[in-house]
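I opened the model to look up what sits around its ligands. My entries follow in the order of looking.

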Amino acid sequence: MNSLSIEQLGLTYRNGVQALSGIDLKISNGMFGLLGPNGAGKSSLMKCIVGLLQPSQGSISFNGSPIKQDPDAIRKYLGYLPQDFSVYPRVTAYQLLNHIACLKGLSDARARSQQIDLLLHKVNLFEARNKEVLTFSGGMRQRFGVAQALLGSPKIMIVDEPTAGLDPSERSRFNFLLNEISKDVIVLLSTHLVEDVRNLCPAMAILASGRIVKQGRPADLIRQLDGKLWSARIPLSDLQRYEDQFQLVSKDLREGELQVTVYAESPVAGFTAQKPTLDHVYFKALDQETKR
Ligand SMILES: Nc1ncnc2c1ncn2[C@@H]1O[C@H](COP(=O)(O)OP(=O)(O)O)[C@@H](O)[C@H]1O
Ligand SMILES: [Mg+2]
């Protein structure tokens with residue numbers, strides 16, 4: 001079992017932006033979802049873990065070794081798919097994987113080509129192995145990104161917003177791939193899509209304005225809202241009144257009418273009980289953060 005442990009991590013950029021503060025996380029094998037809106041600090045946190053940024057405070061350990069003292073403690077075991085992965089030179093998928101494998105120190109030519117073939121099959125790009133990566137679709141590029149991250153058999157995979165920009169069928173195929181990988185390794189997935197976390201992650205944290213505002217198992221977080229959500233269709237003109245009076249956890253248009261869900265310990269007159277979902281957990285956590 002692998003373990004990633006983050007304690008009291010903080011990061012302030014040179015221009016004074018405090019991107020992360022007081023981050024505490026413990027992550028073991030399987031998929032962990034880091035959910036948060038744009039600007040929450042997801043990419044910053046991932047760059048600290050992979051060693052591209054030096055945190056200003058706190059520590060990160062992988063399998064018991066602090067990575068500040070010993071960067072190799074994680075580097076050797078790491079696969080990383082950055083948010084802005086965009087190496088699309090005029091070389092074939094096979095050639096590029098071969099090049100990256102050499103950089104990662106896979107020096108035995110036979111073992112290297114075996115591993116590359118295996119990975120090309122795994123990410124379903126074997127047929128396209130002799131095509132230039134430049135010509136790949138969005139989904140193919142992301143699957144190629146996973147293949148390069150998997151070179152060298154990592155124990156921890158960091159994937160930063162991998163499904164942004166994929167169409168629904170590409171996204172589904174990509175998610176099946178991540179799910180398959182996560183059996184024996186840590187896969188840390190960042191996303192702004194509640195649905196990706198719901199579909200894939202037995203453990204999660206919500207990041208907002210550089211802080212962890214909620215963490216746990218999705219099912220447990222949802223259960224905490226049982227019996228405390230109430231919905232009704234209301235006229236648009238009443239919205240402000242309900243926003244002042246209650247904690248709003250969702251507002252949607254239904255057939256052109258406004259449907260709101262509020263959080264309250266006891267029933268609200270005119271409202272009916274609402275079954276909680278992970279969306280409610282997310283929006284309640286974000287709402288609390290903005291009102292902090
Ligand atoms: N290189 C940088 N220099 C200064 N501020 C940055 C830099 N990169 C990101 N930020 C800021 O840090 C915050 C978190 O950004 P980021 O980690 O990219 O969030 P996310 O990945 O969740 O969208 C934002 O306010 C962003 O503007
Ligand atoms: Mg990002």
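I began with polar contacts to ligand 1, taking pairs of N or O atoms within 3.5 Å. Tyr13 has a polar side-chain atom 3.5 Å from a nitrogen atom of ligand 1. For Lys42, I found a polar side-chain atom 2.8 Å from an oxygen atom of the ligand, and for Ser44 one at 2.5 Å from an oxygen atom. The protein covers 63% of the 560 Å² of accessible area that ligand 1 has on its own (Shrake-Rupley method, 1.4 Å probe).

I noted the conventions: this is a predicted model, where local features need pLDDT of at least 70 and side-chain atom pairs pLDDT 80 or more, while totals for chains, interfaces and linings use all residues. Residues are numbered from 1 along each chain, chains are lettered from A and ligands numbered from 1 as written, and side-chain values use heavy atoms, without hydrogens and water.

Next I listed the shell of ligand 1, meaning residues with a heavy atom within 4 Å. Among them are Asn15, Val17, Pro37 and Gly41. Helix α1 (residues 42-50) gives the largest share, 3 residues; helices are DSSP runs (H or I) of at least four residues, strands (E) of at least two.

Which residues coordinate the magnesium ion, ligand 2? I found Ser43 (OG) and Gln83 (OE1), at 2.1 Å; donors are N, O and S atoms within 2.8 Å of the metal (3.2 Å for Na, K and Ca), and sites may look incomplete because water is not among the atoms. Ser43 lies in helix α1 and Gln83 in the loop between β6 (78-81) and α3 (93-103), so the pair ties together parts 40 residues apart in sequence.

Notes: A polar contact is a pair of N or O atoms within 3.5 Å; within protein, one must be able to donate a hydrogen and the other to accept it, and residues adjacent in sequence count only if both atoms are side-chain atoms.
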